[in-house]
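Dear colleague,

Please find below the structure that I am handing over to you. My notes on it follow, and I would be grateful if you could read them with the model open.

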Amino acid sequence: MTKFELDLLQELEELTSGFDNHFDEVPLLLGMKERGYFQYVPYDMTLKDAIVMYKKLLYKEK
């Protein structure tokens, strides 16, 4: 889990605001998952939920 992944999710969520996109509906994210990114994100998770999860895990120590 990296800040890069969180930043990318946030940008995509902003670009698609108004939609309830799931991870598996975004081809870019699927391609990155195949390359080893986003390993903790289930395919059926919404981008909003993935962002919340990343924030909790990345910033839990602060």
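**Findings**

Leu9 counts as buried, at 0% relative accessibility; here buried means under 20% relative accessible area, exposed means over 50%, and partly exposed lies in between, with a 1.4 Å probe and protein chains only. This is a predicted model, in which local features need pLDDT of at least 70 and side-chain atom pairs count only at pLDDT 80 or more, while totals for chains, interfaces and linings use all residues. Residues are numbered from 1 along each chain as its sequence is written, and side-chain values use heavy atoms, with hydrogens and water left out.

**Leu9 and its surroundings**

Leu9 has its place in helix α1; helices (H or I, at least four residues) and strands (E, at least two) are DSSP runs, numbered from the N terminus. Not counting residues up to four places away in sequence, Leu9 touches Leu29, Phe38, Leu47, Ala50, Ile51 and Tyr54, where contact means heavy atoms within 4.5 Å. By C-alpha positions, Leu9 and Tyr59 are 16 Å apart in space and 50 residues apart in sequence.

Among the contacts of Leu9 is Phe38, which is found in the loop between α2 and α3. Phe38 is buried, with a relative accessible area of 0%. The phi of Phe38 is near 55°, a positive value in a residue other than glycine.

**Aromatic pairs**

Rings of Phe, Tyr and Trp (its six-membered ring) pair if their centres lie within 6.5 Å; planes under 30 degrees apart count as stacked, over 60 as edge-to-face and the rest as tilted. By this rule there are three aromatic pairs. Phe4 and Tyr37 make a tilted one, with 5.9 Å from centre to centre and 55° between the planes. Phe4 lies in helix α1 (residues 3–15) and Tyr37 in the loop between α2 (27–34) and α3 (47–58), so this pair ties together parts that are 33 residues apart in sequence. Phe4 counts as partly exposed at 46% relative accessibility, and Tyr37 counts as partly exposed at 34%.

The rings of Phe23 and Phe38 have centres 5.5 Å apart and planes at 65°, so this pair is edge-to-face. Distant parts of the chain are linked here: Phe23 is in the loop between α1 and α2, Phe38 is in the loop between α2 and α3, and the two are 15 residues apart. Both Phe23 and Phe38 are buried. Ring pairs join Phe23, Phe38 and Tyr54 into a cluster.

**Helix α2**

Which residues of α2 are buried? They are Leu29, Gly31, Met32 and Lys33, and the buried residues of α2 pack against α1 and α3. Lys33 also lies over the face of Tyr43, at 5.1 Å from the ring centre; a charge sits over a ring if NZ of Lys or CZ of Arg is within 6 Å of the ring centre and within 35 degrees of the ring normal. After α2 comes Gly36, with a positive phi near 110°.

**Salt bridge**

A search of the whole structure finds one salt bridge, defined as a side-chain nitrogen of Lys or Arg within 4 Å of a carboxyl oxygen of Asp or Glu. Asp7 forms a salt bridge with Lys3, and the closest N and O atoms are 2.9 Å apart. Being four residues apart in helix α1, Asp7 and Lys3 are separated by about one helical turn. Asp7 counts as partly exposed at 30% relative accessibility, and Lys3 is partly exposed with a relative accessible area of 46%.

**Helix α3 and the surface**

Lys55 has its place in helix α3 and counts as partly exposed at 41% relative accessibility. The C-alpha atoms of Lys55 and Lys3 are separated by 8.9 Å, although the two are 52 residues apart along the chain. Lys55 touches Leu6, Gln10 and Lys60, not counting residues up to four places away in sequence.

Leu57 also lies in helix α3 and counts as partly exposed at 40% relative accessibility. Met1, Tyr40 and Leu57 form a nonpolar patch on the surface, with about 300 Å² of accessible area together. Patches are made of residues with over 30% relative accessible area and no salt bridge, joining like charges within 9 Å and nonpolar side chains (Val, Leu, Ile, Met, Phe, Trp, Tyr) within 5 Å. Accessible areas come from the Shrake-Rupley method with a 1.4 Å probe, and for residues only the protein chains shown count as cover.

Yours sincerely
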